[in-house]
Amino acid sequence: MQVSEYGGAGTSDAVDVFAPGHIGELTQVVPFELVDAVLEETRTRERRLRDLPSRVGVYFVLALGLFEHLGARLVWEKLVTGLSGPVPRPSEKALRDLRRRIGFAPLQQLFDLLAVRPLAEGASWGHAWESARLTPFALRDGRAPTGADEIVADASSGLRTGAKVTVQSTGAPSVYEVVGIAAPAGRDALARQSTLFFSTEQARRLAGHPGQVSALGLLTVPGATVSDVRARALEAVSGTPSLEVRSGDDRGPVEFIDAGKARVSLISLGGAMGGTSLLVALLVVAGTFALSIQQRARELALLRAVGATPRQLRRMVGREALVVGLLAGPPGAVAGLFLARWMHGRFVAVGALPDTLELTVSAFPPVAAFLATLLAAWGAARVSARGPARMRPTEGLAAAALGSERPHAGRVVAGVLAAVGYVVLVVVLSGLKTDAAATPVTFLSVIVAAAAIALLGPSLARSATWVTGGIAQRISPASGFLAARNTRAGARRVAAVVTPLSLAVAMASTILFTQTTSSHSAGEQAASGTRAPYVLTASEPGVPTVAAQAVRERVPGTTVTEVVRTTVRIGQDKFPAQGVSSPGLARTLDPEVTAGTLAAMGDGTVALSELAARTRHAQVGDHIPLTLGDGVKKDLEVSAVYERGLGFGDLLLPHRLVAAHVDQPLSSSVLVAGAPSRSALTTALRPFPTVHVLDRTAVAAARRTQEGAQAQVNYIAMGLVIAFTAIAVVNTLVMSTSARRRELALLRMIGTTGRQLRAMLRWETLTVTLLAIALGAAVACATLTAYSLGMTGAATPYAPLVPCLAVIATAVLLAFVSTALPARAAQRSGAGTPTEVE
């Protein structure tokens with residue numbers, strides 16, 4: 001059972017010029033809706049348009065209390081710091097008039113509403129006192145709670161026995177007397193949760209599940225062993241498969257339920273990220289070694305000429321790769337441990353992981369990564385050396401001197417097969433309707449497309465440079481001419497650079513815009529389907545049913561729909577679901593019903609999204625068995641099928657049914673239609689300071705904030721893949737440019753100026769960058785279109801302009817910086833002297 005102590009914290013900001021800056025921070029403590037309602041009730045709201053509204057006057061007075069050592073003008077400057085646009089600069093007299101106009105009545109009423117002492121940041125966990133034996137807590141002062149209005153608080157709350165506190169739990173806010181203070185031995189509280197203890201009967205009442213408990217604790221008697229007790233317990237519950245017996249460290253998931261759930265998600269995310277990273281690493285490492293072997297073609301041909309066998313060359317190159325891997329592996333493994341700690345901290349910071357799920361470090365991941373690095377380096381080097389090692393010495397020397405741009409038949413066939421594989425994956429992706437199925441296929445599609453580009457790169461580069469080279473030659477006859485000839489003659493070198501750069505563009509675009517596509521579609525569906533003009537939300541633990549009932553009773557003509565979210569299982573499939581109170585549902589919610597009717601919803605019925613109906617082959621009138629959040633099985637009749645599953649979940653269930661079978665029965669939101677004004681709702685909800693009234697604009701802003709937090713998880717995880725790809729881009733470009741020292745020296749000797757050389761390299765880089773961006777964008781567009789078609793039913797991925805331009809700008813910047821710096825270094829080191837060409 002989760003218990004929240006309130007202090008009136010708000011979640012919304014006023015949408016006007018005074019919302020940002022310090023006013024925005026104050027609205028997180030004193031919601032602007034509450035201020036407006038108080039001003040209306042005390043009749044101190046301005047009656048005409050003013051530069052200094054009464055609402056701002058309230059926050060100004062609050063700011064005076066925060067900066068009591070400053071004058072009114074300086075406090076005003078702090079209040080409006082950072083605001084954009086025209087901001088009033090009132091005189092001392094205007095500020096005095098503002099304070100006089102609002103008076104003391106609204107501030108007195110605000111104080112009466114908000115003067116509740118919070119026990120802890122966020123939420124506390126409530127327990128029955130009888131379960132204290134299973135915890136490290138013991139009474140430090142006072143006595144155990146026995147009455148329904150008594151609690152024991154932990155020492156970190158700063159409370160003393162006899163204090164009165166108001167606690168928001170699963171019902172209406174109630175006042176409790178602190179009759180005892182408890183603490184673990186040698187400390188004031190647990191590291192990761194604050195705790196309250198209720199009397200046993202009160203805890204059971206608040207839990208809302210009569211006759212049920214979350215867990216039973218078994219204590220061993222003197223002489224008994226844990227293993228013996230565990231064996232007897234397993235024997236005792238053998239007839240009830242849903243019961244589990246846990247001991248030792250396995251007890252953690254029972255106490256920290258959110259950590260157990262997050263662990264499963266983390267394993268899934270880690271598997272997807274690790275698999276994608278490994279594929280990217282193999283592709284990039286293979287491309288790097290291929291470029292290195294290509295640049296060493298003359299050296300390998302000379303070794304063949306002096307008697308080295310193909311096997312000896314392959315072994316030599318493979319061992320060189322092992323040496324590189326042995327040198328690079330340990331630092332990378334150590335860096336990975338620090339990176340894992342950083343990622344864990346970021347995931348906790350954005351709310352993707354609870355802080356109760358600690359980072360566990362073992363030797364297996366670094367060792368596995370080290371061995372994978374060695375294997376990837378050795379395999380890539382051996383494969384890259386096969387071609388040069390097979391050539392006769394004379395052919396190898398001729399190819400090294402003149403360049404061999406004819407693609408090998410096997411390479412072309414492999415490239416065509418990879419391209420066909422990509423097309424197949426895209427077709428499969430367009431039919432996947434769930435994020436769990438679509439996400440791995442999405443990123444695998446990009447990897448396969450990058451492999452096809454790598455294999456077919458020389459042919460693609462040769463074709464593309466005919467077009468881009470002609471344009472460059474017309475614009476710049478000298479430098480453009482040289483750039484066009486070089487890119488056509490060095491198609492393999494161009495392909496080696498295009499592959500990682502196009503992979504970076506495609507991967508970055510896919511990561512960014514899969515998230516925006518799904519969240520934008522879900523937001524559009526939710527916005528279009530929510531008919532209620534107002535939504536009630538709350539800080540933890542949620543909106544109590546009594547708050548919704550208060551609106552029904554105190555605001556005539558309203559229709560109130562309570563919404564509680566959960567996850568249910570049908571067979572082996574898991575679906576997001578919502579429990580909704582059905583009276584007047586059509587006034588507040590429109591999931592776009594395609595079959596049946598929501599009016600028929602009631603106890604024993606369920607409405608399915610088209611995805612859920614299609615997955616389970618169900619239609620209106622069918623009965624489907626499902627498993628609720630606490631494991632209870634129900635057989636429900638399908639009353640309707642609707643289209644907007646992304647916005648409202650895949651199942652709509654009766655509210656009472658869901659609330660009775662989840663650990664958190666409070667509503668995550670409450671939809672309200674028919675209210676005359678927001679102030680009327682705020683007044684009705686005055687006994688519930690943690691409940692806030694949001695209009696459509698505020699709901700949309702809150703949804704964007706939530707989506708941004710969820711997106712950060714993908715951005716953090718997959719951003720590492722992009723960073724690795726970016727490193728490969730820089731490395732490949734630097735290698736490619738640095739290896740052309742002899743070519744640049746020869747051009748200088750025949751009269752080309754340094755300025756012309758730099759212009760030539762810029763044209764070449766521009767050609768390569770445009771080709772890479774075009775290929776990467778084409779791959780991303782096709783992949784995202786298929787993803788959008790499967791997930792949203794429309795082949796219209798959502799790609800905002802600014803992130804698109806950011807991806808392109810980053811690719812261009814990487815390419816030009818990685819080319820310009822080594823080119824200048826080559827010129828400054830003396831490229832162009834006779835010895836440089838010999």
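Helices (H or I, at least four residues) and strands (E, at least two) are DSSP runs, numbered from the N terminus.

This is a predicted model, in which local features need pLDDT of at least 70, side-chain atom pairs count only at pLDDT 80 or more, and totals for chains, interfaces and linings use all residues. Residues are numbered from 1 along each chain as its sequence is written, and side-chain values use heavy atoms, with hydrogens and water left out.

## The chain overall

The protein chain holds 29 helices and 17 strands. Of its 838 residues, 44% are buried. Contact means heavy atoms within 4.5 Å. Among contacts in the chain with a separation of 6 or more, 78% join residues 24 or more positions apart.

## Helix 15

Helix 15 covers residues 409-429. The expected span of a helix is 1.5 Å times one less than its number of residues. For the 21 residues of helix 15 that gives 30 Å, and the end C-alpha atoms are 30 Å apart, which agrees.

Which residues of helix 15 are buried? They are G415, A418, Y422, L425, V426 and L429. These residues cover an arc of only 100° around the axis, so they sit on the same side of helix 15. The arc is that of the directions from the helix axis to the C-beta atoms. An α-helix has 3.6 residues a turn, so residues three or four places apart point the same way.

## Helix 27 and its partners

Helix 27 spans residues 754-792. It has 39 residues and reaches 54 Å from its first C-alpha to its last, close to the 57 Å expected at 1.5 Å a residue. G793 follows helix 27 and has a positive phi, near 85°.

Two packing partners of helix 27 are described here. Axes are lines fitted to C-alpha atoms, for helices over the stretch in contact, and angles run from 0 to 180 degrees between N-to-C directions. Angles under 35 degrees count as roughly parallel, over 145 as roughly antiparallel, 65 to 115 as roughly perpendicular and the rest as oblique.

Helix 15 packs against helix 27 at an angle of about 25°, with the axes 8 Å apart. The two helices are therefore roughly parallel to each other. From helix 15, Y422, V426 and L429 meet V779, A782, T783, A786, Y787 and G790 in helix 27. Y422, V426 and L429 are also among the buried residues of helix 15.

Helix 26 (residues 741-749) is the other partner: its axis and that of helix 27 come within 10 Å and cross at roughly 135°. That makes helix 26 oblique to helix 27. L744, L747 and R748 in helix 26 meet G754, L757 and M760 in helix 27.

## Selected residues

S509 lies in helix 18 (residues 491-529). With a relative accessible area of 9%, S509 is buried. Not counting residues up to four places away in sequence, S509 touches T514, A780, L784 and V807.

P797 sits in the loop between helix 27 and helix 28 (801-828). Leaving out residues up to four places away in sequence, P797 touches T517, L784, T785 and S788. The C-alpha atoms of P797 and T517 are separated by 5.3 Å, although the two residues are 280 residues apart along the chain.

P253 belongs to helix 9 (residues 252-255). Its C-alpha atom is 9.7 Å from that of T356, which is 103 residues away along the chain.

R43 occupies the loop between helix 2 (32-41) and helix 3 (54-66). Its phi is near 55°, a positive value in a residue other than glycine. H617 is in the loop between helix 21 (610-616) and strand 13 (623-627). Phi of H617 is also positive, near 55°, and H617 too is not glycine. Most residues other than glycine have a negative phi.

| Residue | Relative accessible area and class |
|---|---|
| P253 | 34%, partly exposed |
| P797 | 28%, partly exposed |
| R43 | 70%, exposed |
| H617 | 73%, exposed |

Note on methods
Buried < 20%, exposed > 50% of the residue type's maximum accessible area, 1.4 Å probe, protein only.
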